[in-house]
Amino acid sequence: CLAKRMIKMYYDKAVKNRLKRIEGQFRGILKMMDEQQECQDVITQLSAVRKAVDRTIGLLVSMNLAQCVRKQVEEGQDTEELVKEAVDLLVKSR
């Protein structure tokens, strides 16, 4: 779970589709550059990609945190450290 625990995470189709859309956005940006489009337009698209990546990171952290919290609660363990790790991951991603 999270950064320091070694548990396999299941990545659902929706998360993978998000990344495929981001991949498509990158290809579109490269095409814009090949076509020598305006810098402002390229930057706008890069900003959109960054926002999409940030949202995906947040989604992955929250999915992992929920999975880890459920496991810890089932085992009767404290979850405070998990929450701290999740926050640290989000901070590091910025």
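Helix α1 covers residues 13–34, 22 residues in total. From its first C-alpha to its last it reaches 31 Å, close to the 32 Å expected at 1.5 Å a residue. The expected span is 1.5 Å times one less than the number of residues. Helices here are DSSP runs (H or I, at least four residues), numbered from the N terminus.

This is a predicted model, in which local features need pLDDT of at least 70, side-chain atom pairs count only at pLDDT 80 or more, and totals for chains, interfaces and linings use all residues. Residues are numbered from 1 along each chain as its sequence is written, and side-chain values use heavy atoms, with hydrogens and water left out.

Val15, Ile22, Ile29 and Met32 of α1 are buried. They cover an arc of only 85° around the axis, which puts them on the same side of α1. The arc is taken from the directions that run from the helix axis to the C-beta atoms. On the other side of α1, Lys13, Lys20, Arg27, Leu30, Lys31 and Asp34 are exposed. Buried means under 20% relative accessible area, exposed over 50%, and partly exposed in between (1.4 Å probe, protein chains only). The buried residues of α1 pack against α2. Contact means heavy atoms within 4.5 Å. Just after α1, Gln36 takes a positive phi of about 55°.

| Helix | Number of residues | Expected span | Distance between end C-alpha atoms |

In α2, the buried residues are Val42, Val49, Thr56, Val61, Asn64, Leu65, Cys68 and Gln72. They pack against α1 and α3. Just after α2, Gly76 has a positive phi of about 70°.

In α3, Leu82, Glu85 and Ala86 are buried. Seen down the axis of α3, they fall within an arc of 100°, so they line one face of the helix. What covers them includes α2.

**Where α2 meets α3**

The two helices pack at an angle of about 170°, with their axes 10 Å apart. Axes are lines fitted to C-alpha atoms, for helices over the stretch in contact, and angles run from 0 to 180 degrees between N-to-C directions. α2 and α3 are therefore roughly antiparallel to each other. That label applies over 145 degrees; under 35 counts as roughly parallel, 65 to 115 as roughly perpendicular, and the rest as oblique.

Ile57, Gly58, Val61, Leu65, Cys68, Val69 and Gln72 in α2 meet Leu82, Val83, Ala86, Leu89 and Leu90 in α3. The residues of this contact divide into 10 nonpolar, 2 polar and no charged.

Terms used: Nonpolar A, V, L, I, M, F, W, Y, C, P; charged D, E, K, R; others polar.
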